[in-house]
Amino acid sequence: MSASYKSWKCVWELIVVCVFLAQLTQAQQTRQTYTITGTVTDAKTGEALVGANVTIRGTSVGASADREGKYTILATLSPGSYRVAHSFVGYKTKVTDLQLAQQAIVEVGKIGLDEDLLQIQEVVVTGTGSAMEKERLGNAVATLAGSRIADAFAPTLDAALVGKIAGAQVQQNSGTPGGGVSVRLRGTSTISASAEPLYIIDGVIVDNSSNELVNLGGYVGNRIADLNPNDVDRIEVVKGAAAAALYGSRANNGVIQIFTKRGQLGTPRVSYRTQAGMGDIRKTYEVNMYGFDKPPSDATRKQVTRSDYQKDIFRTAYQYENHLAMSGGNEDTKYYVSGTQTSEQGIVNASDYQKINFRANLDQFVNSWLKLAAGANYVYSFSDRVPNGGIVGGEGVITNFAFQPNWADLRPNAEGKYPTPPFAAFANELEVLDLWKAPLRVNRFIGSLQFTATPMSNLSLEYRAGYDQYRENATREIPVGSSAGYITGFSQQATKDALQLNSDLTATHTVMMDDLGFTTVAGFSHSYYEGTTIIASVRDLIPVSTILSSGATATAAEYREKRVIYGSFLQETVGYQDKLFLTGALRVDGASTFGEDDRFQLFPKASLSYVLSNEEWWGETFGSTLNRFKFRLAWGQSGGQPAGTYDRFSVYLQQSNSNRPGLVNSVLLGNQNLKPERMTEIEVGADFGLFNDRISIEATYYEKQVKDLLLQRTLPPSTGFSGILDNVGELENKGFELMIKGIAWNDDMLQWISSFTVSQNKNKVTKLNGPAFAAANSFGISRVAQGEPLGFFYGPKYLRQTDGSLLLDAQGRPQRNPVAEKLGDPNPDYILAFTNEFQVYKNLSVYVQFDGMMGQDVFNFTRRILETPAFGNGKGYERELSGELPVGYYNNRRTVFEEYVEDGSFIKLRELSIGYLMDNEFTQGLGLRNLQVRLTGRNLFSIDDYSGYDPEINAASQSTLVRGFDWSTVPLPRTWILSLTLNL
Amino acid sequence: MKTNNLLTLVWCAFLLVAAGCELDQLNPNAPTEAQVLSTPEGIKALAVGLQAQYGEGVNENVEVSNFLTRWYATMPSSVLGLRELETGGSDVQGFNGTVNNMWSTHYRTIKSAEDLITNAPKVTLVDGTRSGIIALAKLYKAMSIGELIECYEQVPIEVTSSLTPTFANRTAALDYVISLLEQAQQEITATPPSADFNASILGIGFDLTNTIRAMIARYALIKGDHDKALSAANLVDLTKTSSIFYNSSTSRNPIYLITIQLVYYRPVRTWRTNAEAGDGRVAYWVSPGTSNSFLSKPVDDFNQFKTDNAKFYVYLPGEITLIKAEAYARKNDLANALIELNKVRTKATDPAGIGAGLPPKTAATLPNQGAMLDEIFKQRQYELFITGLLLGDSRRFSKPQVDRTRNWLPFPDTERLSNPNTPTDPAF
């Protein structure tokens, strides 16, 4: 530990402790004990709102409503005037004045709350340190109700977010069940590390790695797939540097916090849901069915019979799920327990996914000032996977549909032996489907424990410990005698064990002084990650068996890593009346990944929220139409961790001489001054309410500048090194987000809520400090260059005449201009979503969601291979075979990459969901509270101009740089799911 | 206030717990620089690795030398970079693969050698082990710089102190090489290498003492210090050989991989057909072939390094004798030059298995210094065909430009782009 690091730490800790103690020890006025009572109800129906929250502003004092909607607050407070806030999830908060004087028992009365159909008045906690009304925030936070996730029937929790959060590009990269979703919040903010946001469940940071343990050609799932969408109560998404105070050097990609369901006051509730569904491929390629193998000019031409092997690859996939949840509680103890069992087939034959998920959440008041909350989640999943995607290797099933000429009969002989395909270096896809195995097993436990103490009326302390541990085990088993590629057989086992521990201590202190309110939040956090990956493989297998010990030639490797991040922060929010809120925060992060002299990194933030509509003059001027108007401004810095754990070390590798083990230095020099990538973001926005909040608008513009991007900088080879990972690059993301929500109709018969979101992000690398380079595993097509967006497509174009038409050669074939140029951009110009929610009477509900992306390009490598004459499976090649096009037409064309860059813009009918709720004599007769039947369709159709399966997929999965790359990837299936929910 | 005290206590306890978590995590996956350079095991392992680094690049020096002197021709399977060396001139640019690889592999060896020279004295080692390691490191550094300065006009000679090393000119580099070698010699003279060094660090088949002497002779001759060359050559025990060890698994002979396994190039047939009739060395190096190269030159097959564990001699006994002959000749002592020359011409074989078996020359047939040097040059061409010395010879014996496709390599782009000290490229 260097001296500067120690002194930094000491100074910082001293500041935090001093500020905190100063607040604690301020002069206390004479206090008196009061009993404050009241009732909270639904303003429309008059029903009690069981569990509604009542708090006295400027204090930590509060209570929740009991089964009759009644509450009682016992508080020791100084006499004076206070404001009491009554809030309940899904309702608008109502604030009333409260005068505390001599009288010890104060009755607030009956408070009726209105439904908050547009989620205007939500309370958020992510990135704020303590619960805070959206109104007070200077930055945009997107929120999403759990029911929207559960009713989406998406394959994974993250896939359910698509189209539901403005400014988020959510992309399901593959139709393979078991995950593979990438989320970009306000663009990509890194080049060499993961661009996925930080995921937090009930305050616990969870692992979302995409571990490519075995090579499946590019496909890899991400670990958010382990979570159960049914358990989600709500989601908060913080897109920018506003999360800096809490997550410092890990906040560059934004934060997604998931809150799971918790028990509620009242009689126990049991909910059982069973669902069954089917999925199929939306669109397949038209294949070459021409009766000859070669063009007429070729003397060796012979008659052939062709097949469409897509029929053997794709199928109608079935799925089912059973979910049972039980919840309840009393004033002191609340619980939520659930279990879910899922079984899902993939639309590619032989692929499937099974998952068992168990969760228990407990909330317990230990005494009047101490509350304990615990959560436990266990997941086991098993999936049969099929290699696909030709980014790495040529063993994929769809890959070989493209590569193996379809005049070949690939079916097995009478003994069950598959023939060697025409391209013997690759595989026979029918054999891969039938005999090759690539199962994945995941065991995961996520636990959390939280203590919340309110030892004084204006102080709360929260300690939270989180534990996330999983074992992911992947195998590949290829029996001996395989027709191609692995003739001697191959068996591989790869296991990753990961453990992440988090602990956070946060203290919140509030002070009211006349019109000013101060909220101080200070905290410490510690995070520890430990991972071990072991990979063993053998070749030369004995017949029949495919386990590791059946092989002869073995190799094994192990990789271990440990990471420690340690942070502390101090945040102050000052509120003036209910109008103006200023927040400033500082966070200091230390991480084991940074160089010793750069250990401690400071991340500041500041924000302003000005609710103009709370000014008295507003009501008189605009109040009747523009009833709500808030201006917000936020500035902040955050960091990004390096991808590697040990990049700061110069290491030595084995190189033997004279049969003795020796060591030589790695050509990568360790960087002793490694720092986080640093993002500075400014966002400015406004929130509007029109016609008494019938229409709600949120608009935000942002600019993010990322400096100190980690890139490999070339070193002079005369130093004995080739490069060093260094903080040298810069990039920017600029864009806007607009959300318009409105109540189109609202009466006793029909409630219709409509929402439209659009967002734009422009990404540009502003400094590369070196030559442009091609991203790994993109065949040189995806590229990074100064002045260009990340991962733009690059390659040769057509030779053209001056009028732009193709310059054909003497035979009438297109020609390639060998000079490589920019061909396209995989980043969308706009992301759109349009949703409509209808509620007819109490019983019928309909949800329709269209969403899409506009302006992004997709590189269709699949079509390139399909029409390459050597393989020739595409419909287009028929024209050359028939003599309509000159011989060599497609062979010339396949070298022109411009041809395969297609417009990937699409609008999909993402969700159509129709539900019917029954709660009448019939359900009562069955002993049920109610019963719901719901039919949901996903990805029903797509409006696009794309020639391949699906413009949405990406062969490189969650890769940061290789985006929009279609190369034999499983498309998203069109699914229909019917569910029945019994509530008792 | 009681709660306040309690809170302060909790707060402090948390600080202690959190502060106890170590931010200085070590990398468990590979030894780090600090671990290698400050421990006896690390230093010894680096000395082993140093020799492997040198050994994996011996082909590059030979390729530059023999393509630039037109004795090698690429086959269709070759990489483009070698073909650029073959055609030479402006075809060889800073991005050329060999230009870059030769540079970077040699500097990896030099970097390891410098680390050993700096750190071996600081680590607890048996005296003889330390002296052996330092001498070995100085020798390998000298050999690497020596090979570079025969291909590039200027080269950095001290590299670990800066991330942008400065360049030394040819004279300074040669002086530096010779002084390194003399220091190595003094090191082992003062403290003979330990048994542990000889048995577990020094490469199998490598003769440290004689190699240092041979290299002093080689580079003194190149520098033009003929007395020093002669005295060092006289000290070399010609009954010994010194070679790089290869095996069939972890360290395979790179010349085998490229010439036999990959067949990137073959020797030009005129090398064989121009030889003096009856020269036994022709069959040692090549066997007659029938194929043509990619650029349609008739080529032969290689007859050396035909297995992946074939050893590579760092110097040949014949080179030492020819150094003596050349040194005498350049001092105009033609009588002694003839004696040494004829030793090479007439030997039927030697410890390396090379023998010309030719009749001796007489003083009458080599009447003057020019004729003598011409004959020595020719003997070097046949005695030392695959040793990487032919390019330097061609320049030193002032052969016409047409004999070479280039005189010097350009500096690698990778160096130029990141090191502002890189000099301008030589014209040819």
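The axes of H6(B) and helix H7 (residues 127-149) of chain B come within 8 Å in this predicted model and cross at roughly 150 degrees. Axes here are lines fitted to C-alpha atoms, for helices over the stretch in contact, with angles from 0 to 180 degrees between N-to-C directions. H6(B) is therefore roughly antiparallel to H7(B). Angles under 35 degrees count as roughly parallel, over 145 as roughly antiparallel, 65 to 115 as roughly perpendicular and the rest as oblique. The crossing of H6(B) and H7(B) is left-handed, meaning that the near helix is turned anticlockwise from the far one by less than a right angle.

Residues of H6(B) that meet H7(B) include His106(B), Ile110(B) and Ile117(B). Among their counterparts in H7(B) are Ile134(B), Tyr140(B) and Leu148(B). Contact requires C-beta atoms, placed from the backbone, within 7 Å.

H6(B) has 23 residues, of which 19 are buried, so H6(B) is largely enclosed by the rest of the structure. Buried means 20 or more other C-beta atoms within 10 Å of a residue's own, exposed 12 or fewer, and partly exposed in between.

The axes of helix H4 (residues 58-68) of chain B and helix H12 (residues 254-261) of chain B come within 7 Å and cross at roughly 55 degrees. That makes H4(B) oblique to H12(B). Val58(B), Asn59(B) and Val62(B) of H4(B) touch Pro254(B), Ile255(B) and Ile258(B) of H12(B).

The table gives residue classes. Ala, Val, Leu, Ile, Met, Phe, Trp, Tyr, Cys and Pro count as nonpolar, Asp, Glu, Lys and Arg as charged, and the others, Gly among them, as polar.

| H4(B) with H12(B) | five residues | one residue | no residues |

Chain B also meets chain A: 53 residues of chain B are in contact with 45 residues of chain A. H3(B) gives the most to this side of chain B, with nine residues.

Chain B holds 19 helices and six strands. These are DSSP runs, numbered from the N terminus: helices are H or I of at least four residues, strands E of at least two. Of the 428 residues in chain B, 52% are buried.

Residues are numbered from 1 along each chain as its sequence is written, chains are lettered from A and ligands numbered from 1 in the order in which they are written. In this predicted model, local features need pLDDT of at least 70, side-chain atom pairs count only at pLDDT 80 or more, and totals for chains, interfaces and linings use all residues.

How values were computed. Two residues are in contact if their C-beta atoms, placed from the backbone, lie within 7 Å.
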